[in-house]
Amino acid sequence: MINAYAETRSQPVRPAFSRLDRLISRNELFCIFQPIADLQSGTVFAHEALIRGPRDSVLHSPDALLTLAREEGLMQTFEMHCIITALTLWGAGRHSGRLFVNISADTLVHAWTKDGTAGMTELLKAHNIKPRLLVLELTEHERVTDMARVCEVAKEVHEMGIQLALDDFGDGRSSLRLWSELKPDFVKIDKYFSQRISQNPEQLQVVKAIREIANLFGSALVAEGIETENDLRVLRDLDIRYGQGYFLGKPAESPQQTLLAQACAVVKDSRVAVMPQMQHSSHPCIFRTLTVTSAPTATAETSNNEVADLFQENPDLHALAFLDQGKPVALLQRCIDANLVLLN
């Protein structure tokens, strides 16, 4: 793996006086770490390593660095340097817990083809990191050209004890086939579906569908981009196991050992989230064939005999709504046998 990094630097594809090469040679790139939370226990489950350029420069952001790496033809060099930087800082700090590091499928295949299991073993041993605590987070899904080879490498990665994650599922580039064949341990839900999920019923339904796929494939889900209390509460109650976002913890050079107090309070709160109103269906036309009829209602003051009379007088009435100040608060369902009612 270390040799693969050196080989990418020796390729004659970079321009003279490459800006990225200068940053790398001067060790001006560094990592910050953002916590990934266990939404059931309210603890820090792992950290993701995020690369940054020199402070107060136009190359501080990861997007700017990625753009520069593509322009200079140094993507694999850049990615391998990011991984080595993350492992170096994590190992030097003697940090505990899992570490997620980003790598594209192409770079993973290239490095593994060059150095294989032995190269990765050497790299992890050099930084005193156990394989079971490393998660390779695959990015650039749309660039996978040799699915069979990627799956071969993934199998060898798993045999080492290293785990795999699929990044940004649902962003339009991710592949359900890749999920099916790669068998990742974790799948990250793109922040588009996590953010404002407490206000958007369609996003909620998509996340529920992703959850069913995850159950089928045996992957754990990580919801990205959690920034509000309400969104965290909904995702927790949807049984999404892990989450990441500013409401839980911000990226920092020193890994965060506990979640922010605001997030812990939500996770430990036993109250169930109020889900988004479902009347705003993405397919409103499906209701056009339904027949709408008026039905009697009851209140807390309605007696048992009056309830029985309402069901007797309305043989087609399947349930009776109880109102409090005009709002439904309970539902009584007719029992098919013996014409009785049951609290639903």
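**Which residues in α4 meet which residues in α5?** From α4, the partners are Q76, E79, M80, I84 and L87, and across from them in α5 sit D106, T107, H110, A111, L123 and L124. Keep in mind as you look around that this is a predicted model.

**Figure 1. Helices α4 and α5 side by side.** Two packed helices are described by the angle between their axes and the distance between the axes. Here the axes of α4 and α5 (residues 105–126) come within 12 Å and cross at roughly 25°. An angle under 35 degrees counts as roughly parallel, so that is what we call α4 relative to α5. The crossing itself is right-handed. Sort the contact residues by class and you get six nonpolar, three polar and two charged.

**Figure 2. Zooming in on T107.** T107 is part of helix α5. Is T107 buried or exposed? T107 counts as buried, because its relative accessibility is 2% and the cut-off for buried is under 20%. Skip its neighbours within four places in sequence, and T107 is in contact with Q76, E79 and M80.

**Figure 3. Helices α10 and α11 at an angle.** Now take a look at α10 (residues 229–237) and α11 (residues 261–268), whose axes come within 10 Å and cross at roughly 40°. That angle makes α10 oblique to α11. This crossing is right-handed. On the α10 side, the contact is made by E229, L232, R233 and R236, while α11 brings A263, V266 and V267. By class, that's four nonpolar and three charged residues, with no polar ones.

**Figure 4. Inside the nonpolar cores.** How many residues does the largest nonpolar core have? It has 79, and the ones with the most contacts inside it are M120, L136 and L232. Helix α4 (residues 75–92) gives the most to this core, with nine residues. Apart from this core lies another one, of nine residues, including A46, F100, A165 and Y242. Pick out L136 and see what it touches: not counting residues up to four places away in sequence, the list is V101, I103, L108, M120, V157, I162, Q163, L164 and A165.

**Figure 5. V187 in its strand.** You'll find V187 in strand β6 (residues 186–189). V187 is buried, with a relative accessible area of 0%. Leaving out neighbours within four places in sequence, V187 is in contact with L166, F169, W179, S219, A220, L221 and V222.

**Figure 6. G93 in its loop.** G93 lies in the loop between α4 and β3 (98–104). G93 is partly exposed, with a relative accessible area of 36%. Which number tells you how far apart G93 and S254 are along the chain? They are 161 residues apart, yet their C-alpha atoms are separated by 8.7 Å.

**Figure 7. Stepping back to the whole chain.** The protein chain has twelve helices and twelve strands. Of its 344 residues, 46% count as buried. Take the contacts between residues at least 6 apart in sequence: 63% of them join residues at least 24 apart.

Terms used
Residues numbered from 1 in each chain as written. Predicted model: local features only at pLDDT ≥ 70, side-chain atom pairs only at ≥ 80, totals over all residues. Heavy atoms only, no water. Axes fitted to C-alpha atoms, helices over the stretch in contact; angles between N-to-C directions. Helix = DSSP H or I, 4+ residues; strand = E, 2+ residues; numbered from the N terminus. Parallel < 35°, antiparallel > 145°, perpendicular 65-115°, else oblique. Left-handed = near helix turned anticlockwise from the far one by under 90°. Contact = heavy atoms within 4.5 Å. Nonpolar A, V, L, I, M, F, W, Y, C, P; charged D, E, K, R; others polar. Core = buried A, V, L, I, M, F, W, Y, C linked by side-chain atoms within 4.5 Å. Buried < 20%, exposed > 50% of the residue type's maximum accessible area, 1.4 Å probe, protein only.
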